[in-house]
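Subject: Structure handover

Hello,

Here is the structure I promised to pass on. Please open it first, then read my notes below.

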Amino acid sequence: MDSLYISEQGPSKPHLIVFAGAKSGVGKTSVVANVAAAMALRGKRVCVVDVDTGLSNINTLLGLRPAHRLEQVLRGEKAIAEVLLKTGDGVGVVSAAHLMGGAPVSAEQTHRLAAALADLETQFDYFLIDTAATHTETLLRFIELAQSTFLVVSGDPAALTDAFALLKSLNTRQYTGSLRVVVNQAVDYPAATDTYRRFAAVAEKCLKLKVEYGGFVIRDENLPKAVALQMSVVDLAVNSPASRCLLALADNIIKHIGCETAGTGLVEYWQRLLSATPTRQIVGDDADAEPVNALSPADRAEMSISELSRRLLLAMKQQLLDQPALERFIGEFVETYCEQFGRFPNAFKPLFYRWLETENYTEPRLVELVATLEALHAMRYQRPMFSLEENAARLVAQLQGQQERHKNLVEQLCAAYRQAFHTEVFDAEQMLLERMQAEDFTEQHFEELLQKLRDGFQTRFKRPYQSRHELALASAVEALNVMGVDQHNLQDEITMLMHGFQMLGSRREKLLTTLNALQNSGLPLAASAVRDN
């Protein structure tokens, strides 16, 4: 197969990070979706590549409806711009779940894929790979070919056992990448660190493998709310406990992976994936079993699928294999079946119902499963499973008699509407006018409402409310007061002038009297006398 590598790469390649979870239900996809949103909030260009061949619901969590997949780009049916979806925060999502393990890729398809991935590399700084929560050969290849992997676990003993089995497989393949553990659904920070320490201690003691601490995500009632609203929790409640954990995790990724290591790039990574040769690993008790290839040619020729199945069931009943080994085999078997026939076995439908009945799943995990099934229905039939009217009726029935929860839900919907359309849901002025037209709206109600509005104005603008007429009247009164002061000042000035005139007249009279007296006496008029008068 031709190489996907493009020689003319820029000086900086994007960083590629794999998120893995060895068991379904640990919340891996939720962590991926919310970490991507948190990194986008920090100003980074992030794209999630969905390679989960199971019940992938990354699009549901981010409120997206994918219509095309990456393999359609290989066939020349779609352009990469038609496959790439983006959230309101700018997080990209590409569906590539069915690209691995399919038909051989031709040279022409290889070049199409190379060009598409190179185009994606120019648009994003980070690629987060959301893998399937099954212990399969494909999952191991995704992890071992990446420089950085985050293993999402929870405090559930079964989840920790499956995660340890995944580490055993990576250890036998001499995995050299960076592996960090993220503890999800933690009660608090001490519980999260305790879970990590126990897991890391067992890995170091039994496998001589050191795993680093990646972070934790605390349990938060805002998470199921965000799932129901199909938005990230950091967008719904940025200051919630879970959001703070996710923002801290995003900061650690940007600091330790984005700065200290060189990116591998999506083109080079996918080229190595498509060219890698799957290797069968024998782990644990399975190493003592006789492999099929060890049979003689005659035995292999006569061995039918029925006989192989009979021997396998017999070995399972005799407990020759441990539970992790059996789960790994079942996962690989189902994946191979799907790749061969393009669908799941028909017998899995009743097994699915049995799985739901036997597993003791908590309510949030069942909610996540239902949301995933609704998303699959929407993708398949291009319409929601339930209409808006049906969903509204279900919500009203569910919240019957719970006034506070009903109010909180309405507030959340209004907040989501404002974020999406940058406007209010309702016209408050029109609603108020319509309320006033109601028959039960009295003058007393109007007076009370008017007083509340005045109080609100006082609180907002720190002064009493005045209408335009009141403001004009206050302005006129103030002008009259100023005119009164000016009039008083002018009157004082007039009084002073009148007094000056009187003084001047008195001096004039004295001068005339003096002049007349001198003239009558026949004496000469001295200049000094004139000056003195």
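A helix here is a DSSP run of H or I with at least four residues, and helices are numbered from the N terminus. By that numbering, phenylalanine 333 sits in helix 15, which covers residues 323-341. One thing before we go on: this is a predicted model.

Stay with phenylalanine 333 for a moment. Is its side of the story buried, exposed or partly exposed? Its relative accessibility is 45%, so phenylalanine 333 counts as partly exposed. Buried would need under 20%, and exposed would need over 50%.

**Cavities**

Next, look inside. How many cavities of 30 Å³ or more does the structure hold? There are two. The largest cavity contains about 60 Å³ of space. Its lining is made by Ser30, Ala33, Asn34, Leu61, Leu62, Leu223, Ala226, Val227, Met231 and Ser232. Two elements give two or more residues each to that lining: helix 1 (28-41) and helix 9 (222-229). Sorted by class, the lining has seven nonpolar residues, three polar ones and no charged ones.

Why look for such spaces with a probe? Rolling a probe the size of a water molecule over the atoms shows where empty space is left.

Pick out asparagine 34 from the lining. Asparagine 34 belongs to helix 1. Its relative accessibility is 6%, so asparagine 34 counts as buried. Leucine 62 is another lining residue. Asparagine 34 and leucine 62 are 28 residues apart in sequence. In space they are 8.6 Å apart, C-alpha to C-alpha.

**A nonpolar patch**

Which residues make the nonpolar patch of about 630 Å²? They are Leu490, Ile494, Leu497, Met498, Phe501 and Leu504. Isoleucine 494 is in helix 22, residues 468-521. Isoleucine 494 has a relative accessible area of 38%, so this residue is partly exposed.

**Salt bridges**

The count of salt bridges is 13.

Start with arginine 173 and glutamate 144. Their closest N and O atoms are 2.8 Å apart. What does this pair tie together? Arginine 173 lies in the loop between helix 7 (157-172) and strand 7 (178-186), while glutamate 144 lies in helix 6 (residues 137-144), so the bridge ties together parts that are 29 residues apart in sequence. The relative accessible area of arginine 173 is 14%, so arginine 173 is buried. Glutamate 144 has 27% relative accessibility, so glutamate 144 counts as partly exposed.

Next come arginine 418 and glutamate 424. Their side chains meet in a salt bridge of 3.4 Å, N to O. Arginine 418 is partly exposed, at a relative accessible area of 35%. Glutamate 424 is partly exposed too, at 47% relative accessibility.

Glutamate 509 has 45% relative accessibility and counts as partly exposed. Arginine 508 has 52%, so arginine 508 counts as exposed.

**Backbone angles**

One more topic, and it concerns phi. Most residues other than glycine have a negative phi, and most peptide bonds are trans.

Glutamine 185 is not a glycine, yet its phi is positive, about 60°. Where is glutamine 185? It lies in strand 7. Its relative accessible area is 31%, so glutamine 185 is partly exposed.

Lysine 462 is not a glycine either, and its phi is also positive, about 60°. Lysine 462 lies in the loop between helix 21 (443-461) and helix 22. Its relative accessible area is 68%, so lysine 462 is exposed.

Best wishes

Conventions:
Residues are numbered from 1 along each chain as its sequence is written. This is a predicted model: local features need pLDDT of at least 70, side-chain atom pairs count only at pLDDT 80 or more; totals for chains, interfaces and linings use all residues. Side-chain values use heavy atoms; hydrogens and water are left out. On a 1 Å grid over the protein atoms alone, a cavity is a set of points where a 1.4 Å probe fits but cannot get out, and a pocket is an open set with protein on both sides within 12 Å along at least five of seven lines; lining residues have an atom within 4 Å of a point. Grid points are joined across faces, edges and corners, and a volume is the space filled by probe spheres set on the points. Ala, Val, Leu, Ile, Met, Phe, Trp, Tyr, Cys and Pro count as nonpolar, Asp, Glu, Lys and Arg as charged, and the others, Gly among them, as polar. Patches are made of residues with over 30% relative accessible area and no salt bridge: like charges are joined within 9 Å, nonpolar side chains (Val, Leu, Ile, Met, Phe, Trp, Tyr) within 5 Å. Accessible areas come from the Shrake-Rupley method with a 1.4 Å probe; for residues, only the protein chains shown count as cover. A salt bridge is a side-chain nitrogen of Lys or Arg within 4 Å of a carboxyl oxygen of Asp or Glu. Buried means under 20% relative accessible area, exposed over 50%, partly exposed in between (1.4 Å probe, protein chains only).
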